[in-house]
Amino acid sequence: MRNRSFQGDLQMLCEKLENREVFAFSKYADGEYEILKNRQITNCDGWTFSPEVDGFYQQKLLESFQYKNPSYFVGVSCPCCVGDIIAQDMRDMSAQDDKNLTWANIFVNGNYKEYINKCLPLYSNYEVALVASSKSTFKHLPFKVSHFYPIGDLAWKNDYHLIDKIKNDIVSKELSGCLFLFCAGPLGNMMAHQLFEEHPHNTYMDIGSTLNVHLLGHNGINRGYLRGEESLSKTCVW
């Protein structure tokens, strides 16, 4: 088992970006966990999962959770946020090697300021493809977006077809060494897996809500750490 710390794992990913190592990062928090367990949920971002009709997408999310590659990193919830039982269940269910597991919260909570200061500037070193809300604007982003794929509120179902579109674009536009960023809920997990598996010469990162303020302004402040609440100073534990 490797030595790890909340700040140390963030630094590990930042170093990979800085060194232009290809890798993929896919994170699974409480909402994704409910889907993985095939339980009904309505998330704070507005998407709903129903076991009776969404079995295909639940299976694709599970496949992304259990996909194995030495350069594929899976973020899971930690005991301090969800309790020991759920945290261990996620680790066991993932079937990942320990060295490929990290925090789902790696970019947020007490790491958010470091992410903004150290990780975000590294995006400028790449040709960036962004999957994010169709309501996004780029004027406050500190990096250039070369390829934009807009999505709606139920992206992981209604915009699932974008996976094939992006695969085709990678081939037709000869995209290599690019950085793909996913602000797309469970769709980001599926993309990180399927795109990395087929085109491992790019880097793919599921970055969740970390660009909400940059992309959506005040409307994107829908997490405690973005509102400056107590979680902003929380160091998550393993």
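The model is a predicted one.

**The largest nonpolar core**

Begin by selecting Phe180, Leu187 and Met191, the residues with the most contacts inside the largest nonpolar core, which has 42 residues. Next, colour helix α9, residues 186-198; this helix gives the most to the core, with six residues. Then centre the view on Met191. Leaving aside residues up to four places away in sequence, Met191 touches Val131, Leu162, Ile163, Ile166, Phe182 and Phe196.

**The second core**

Now select Leu17, Cys119, Ala132 and Val145. These residues are among the members of a second, separate core, which has 37 residues.

**Helix α1 against helix α6**

Show helix α1, residues 6-18, together with helix α6, residues 112-119. How far apart are the axes of α1 and α6, and at what angle do the helices pack? The axes are 11 Å apart, and the packing angle is about 15°. An angle under 35 degrees counts as roughly parallel, and α1 and α6 are therefore roughly parallel to each other. The crossing in which α1 passes α6 is right-handed.

Display the side chains where the two helices meet. Leu10, Cys14 and Leu17 make the contact from α1, while Glu114, Tyr115, Lys118 and Cys119 make it from α6. Sorted by class, this contact of α1 with α6 has five nonpolar residues, two charged residues and no polar ones.

**Helix α5 and its covering**

Move to helix α5, residues 84-94, and select Ala87, Met90, Arg91, Met93 and Ser94, which are buried. Which elements cover the buried residues of α5? The covering includes the helices α2 (30-36), α3 (55-66) and α4 (79-82), along with the strands β4 (72-76) and β5 (101-103).

Most residues other than glycine have a negative phi. The last two stops depart from that pattern.

Ala95 is not a glycine, yet its phi is positive, at about 60°. With a relative accessible area of 41%, Ala95 is partly exposed.

Finally, select Asn109, in the loop between β5 and α6. Asn109 likewise is not a glycine and has a positive phi, of about 50°. Is Asn109 buried or exposed? Asn109 has a relative accessible area of 8% and is buried, the cut-off for a buried residue being under 20%.

Definitions and conventions:
Residues are numbered from 1 along each chain as its sequence is written. This is a predicted model: local features need pLDDT of at least 70, side-chain atom pairs count only at pLDDT 80 or more; totals for chains, interfaces and linings use all residues. Side-chain values use heavy atoms; hydrogens and water are left out. A nonpolar core is a set of buried Ala, Val, Leu, Ile, Met, Phe, Trp, Tyr and Cys residues joined through side-chain atoms within 4.5 Å. Buried means under 20% relative accessible area, exposed over 50%, partly exposed in between (1.4 Å probe, protein chains only). Helices (H or I, at least four residues) and strands (E, at least two) are DSSP runs, numbered from the N terminus. Contact means heavy atoms within 4.5 Å. Axes are lines fitted to C-alpha atoms, for helices over the stretch in contact, and angles run from 0 to 180 degrees between N-to-C directions. Angles under 35 degrees count as roughly parallel, over 145 as roughly antiparallel, 65 to 115 as roughly perpendicular and the rest as oblique. A crossing is left-handed if the near helix is turned anticlockwise from the far one by less than a right angle, and right-handed if clockwise. Ala, Val, Leu, Ile, Met, Phe, Trp, Tyr, Cys and Pro count as nonpolar, Asp, Glu, Lys and Arg as charged, and the others, Gly among them, as polar.
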